[in-house]
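Student: I have a structure open and would like to learn how to read it. Could you take me through some features one by one?

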Amino acid sequence: MNKVYVTTAIPYVNGAPHIGHAMDYCLADVYARYRRLCGDEVKFQAGVDEHGNKIFQKSKELGLPVADYVKENAEKFMDFVEKLGVSYTDFIRTTDVDHERRCQEIWRRLSDHIYKAKYEGWYCSGCERFITQKEYDENNGVCPDHQKPYEKLVEENYYLRIADFKDQIRGAIESGEMSVLPEFRKKEVLKLLEESPDVSVSRSVEQLTWGVPVPDDDSQVMYVWIDALSNYITILGYPDSDISEWWPAAAQFVGKDILRFHAIIWPAMLIGLGLPLPKVLLSHGFVLADGQKMSKSIGNVVDPIEVLDRHGLDAFRYYFLRHVDTFADSDFTWEKFEDAYNNELANDLGNLVQRLATLAMKNDVKLVEEPKFEMDAGYVELMDKFEFSKAFDYAWDKVQNLNKRIDEEKPWALAKNGETAKLQNCLRDLICGLLNVNYMLSPFIPGTTEKIFEIFAGGDIKPPRTPLFPKH
Ligand code: MSP
């Protein structure tokens with residue numbers, strides 16, 4: 001049995017969760033469930049990022065003590081993770097005292113690579129990121145993601161000497177020791193790495209008080225990314241305990257906008273600490289609303305709770321895991337969501353279950369022995385390459401094939417002609433086929449696959465009292 005550690009990006013708690021946040025959780029959950037099917041033991045981190053200017057300013061705007069504000073929003077995220085059926089094992093808040101203390105120890109251990117200097121340049125508080133002059137010029141001084149002018153910063157702070165690590169990081173990415181997925185992002189990252197200056201890793205307390213204090217320097221707090229990235233190992237107990245049982249992570253899931261932090265600063269920190277790099281860094285695309293970036297100012301932000309409430313959890317997971325491509329940007333529209341629900345979940349899978357269970361009941365078919373499940377080689381290959389939406393398509397083709405087979409083999413005609421043995425074999429074969437697909441669908445829509453398993457594998461077969469995906 002392998003030990004597998006899976007991580008998700010920790011969202012800022014400067015608001016309630018939106019549908020984009022679901023991507024890290026859902027993708028990591030599919031992987032975690034898949035590895036468990038493979039017989040592995042999985043540790044699965046989720047959490048929230050509670051420090052930084054953005055959060056501090058928002059709490060002030062609302063007139064709330066920042067600690068209350070982050071607690072309230074952290075709870076919304078915990079609730080969201082539960083609602084998404086995410087099989088996480090550990091949840092971290094970056095204001096946890098153990099995390100803060102461990103971060104300070106990490107800083108101390110990196111001190112050979114940290115120096116103090118004056119920073120004079122641009123900053124985007126929306127991205128919580130320092131901006132190079134080249135980027136500033138390319139974007140005409142305005143952040144394309146936040147539509148806010150970059151701020152001028154002049155302050156003395158600490159720097160992490162990225163130059164100390166560049167060769168090793170490049171080598172690890174090129175050799176696949178740390179595999180950056182998808183391939184086209186790997187190229188982008190290698191370019192960014194080449195151009196990356198040393199990174200400022202602290203902010204002056206005059207600018208920011210809401211952060212982890214830099215050890216032995218009251219005038220500085222840690223840059224939020226140093227604190228946030230450390231979560232992946234502080235949650236395992238680093239540096240208080242040996243984390244080699246779980247680290248390096250098998251896969252870290254992040255959105256495309258934050259790959260740069262995970263592919264440059266994070267490996268630099270790990271190398272500086274003498275720790276191995278994650279095996280896979282997977283960067284997913286963005287969920288767009290009707291082809292546009294979701295934003296509060298455009299007013300097109302889709303509330304995930306509304307989507308969940310419309311047709312339940314598995315309809316949500318189905319859409320975001322099959323119709324949202326694992327790597328590319330994809331659209332969410334209510335129309336597409338409704339079509340997927342009615343034409344695919346209800347018609348393809350819901351009807352298949354209903355038809356087969358009704359035929360089995362009428363013709364007294366049971367499964368005599370517990371079926372043995374196997375994942376098809378084609379499916380395994382896609383899952384191992386993290387091509388989840390394609391693996392989901394692969395399994396769905398099988399659902400559609402089973403529907404076709406029923407139409408072609410016409411079990412009702414066999415019943416009419418009294419060909420009982422042939423009929424029973426045909427139905428048993430179809431049910432085993434369904435249960436096998438069900439097994440491959442289980443990382444994606446676990447609630448539904450559990451119901452299907454209970455209908456067919458638990459003795460007397462009866463169709464469910466209400467269809468699995470009722471049409472409203
Ligand atoms: N706090 C940092 C992450 C620190 S990880 C050590 C952060 N937070 S965030 O709230 O802005 O984003 C959290 C995750 O949600 C990121 O992976 C981000 O890419 C993802 N998404 C935010 N909006 C998204 C979409 N519209 N679509 C898909 N994912 C997107 O960055």
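Student: Leaving aside its neighbours within four places in sequence, which residues is Gln104 in contact with?

Tutor: A word on the source before that: this is a predicted model, in which local features need pLDDT of at least 70, side-chain atom pairs count only at pLDDT 80 or more, and totals for chains, interfaces and linings use all residues. Residues are numbered from 1 along each chain as its sequence is written, and side-chain values use heavy atoms, with hydrogens and water left out. Contact means heavy atoms within 4.5 Å. Beyond its neighbours within four places in sequence, Gln104 touches Val212, Pro213, Pro215 and Met222.

Student: Where does Gln104 lie?

Tutor: Helices (H or I, at least four residues) and strands (E, at least two) are DSSP runs, numbered from the N terminus. Gln104 belongs to helix α4, residues 97-109. For a sense of scale, its C-alpha atom is separated by 52 Å from that of Leu349, 245 residues apart along the chain.

Student: Is Thr234 buried or exposed?

Tutor: Buried means under 20% relative accessible area, exposed over 50%, and partly exposed in between, using a 1.4 Å probe and protein chains only. Thr234 counts as buried because its relative accessibility is 1%. This residue is found in helix α8, residues 224-234. Setting aside neighbours within four places in sequence, Thr234 is in contact with Ile92, His99, Arg102, Cys103 and Ile106.

Student: How many residues of α8 are buried?

Tutor: Eleven of the eleven, so α8 is largely enclosed by the rest of the structure. Among these buried residues are Trp225, Asp227, Asn231 and Tyr232.

Student: How do I read a nonpolar core, and which residues touch the most other members of the largest one?

Tutor: A nonpolar core is a set of buried Ala, Val, Leu, Ile, Met, Phe, Trp, Tyr and Cys residues joined through side-chain atoms within 4.5 Å. In the largest core, of 162 residues, Trp247 and Phe456 touch the most other members. Helix α12, residues 334-362, gives the most to this core, with twelve residues. Away from its neighbours within four places in sequence, Phe456 has contacts that include Val353, Leu356, Ala357 and Ile461. There is also a second, separate core of six residues, including Trp122, Cys124, Cys127 and Ile131.

Student: How many aromatic pairs does a search of the whole structure find?

Tutor: Rings of Phe, Tyr and Trp (its six-membered ring) pair if their centres lie within 6.5 Å; planes under 30 degrees apart count as stacked, over 60 as edge-to-face and the rest as tilted. The search finds 35 aromatic pairs. Tyr34 and Tyr379 have ring centres 6.4 Å apart and planes at 75°, so this pair is edge-to-face. The pair links distant parts of the chain, with Tyr34 in helix α1 (residues 21-37) and Tyr379 in helix α13 (residues 377-384), 345 residues apart. Both Tyr34 and Tyr379 are buried.

Student: And the backbone: which peptide bond has omega of about -5°?

Tutor: Most residues other than glycine have a negative phi, and most peptide bonds are trans. Here, a cis bond with omega of about -5° joins Leu181 and Pro182. Another cis bond runs from Tyr238 to Pro239, with omega near 0°. As for phi, Asp290 is not a glycine, yet has a positive value of about 55°. Asp290 sits in the loop between β13 (287-289) and α10 (304-311) and is exposed, with a relative accessible area of 61%.
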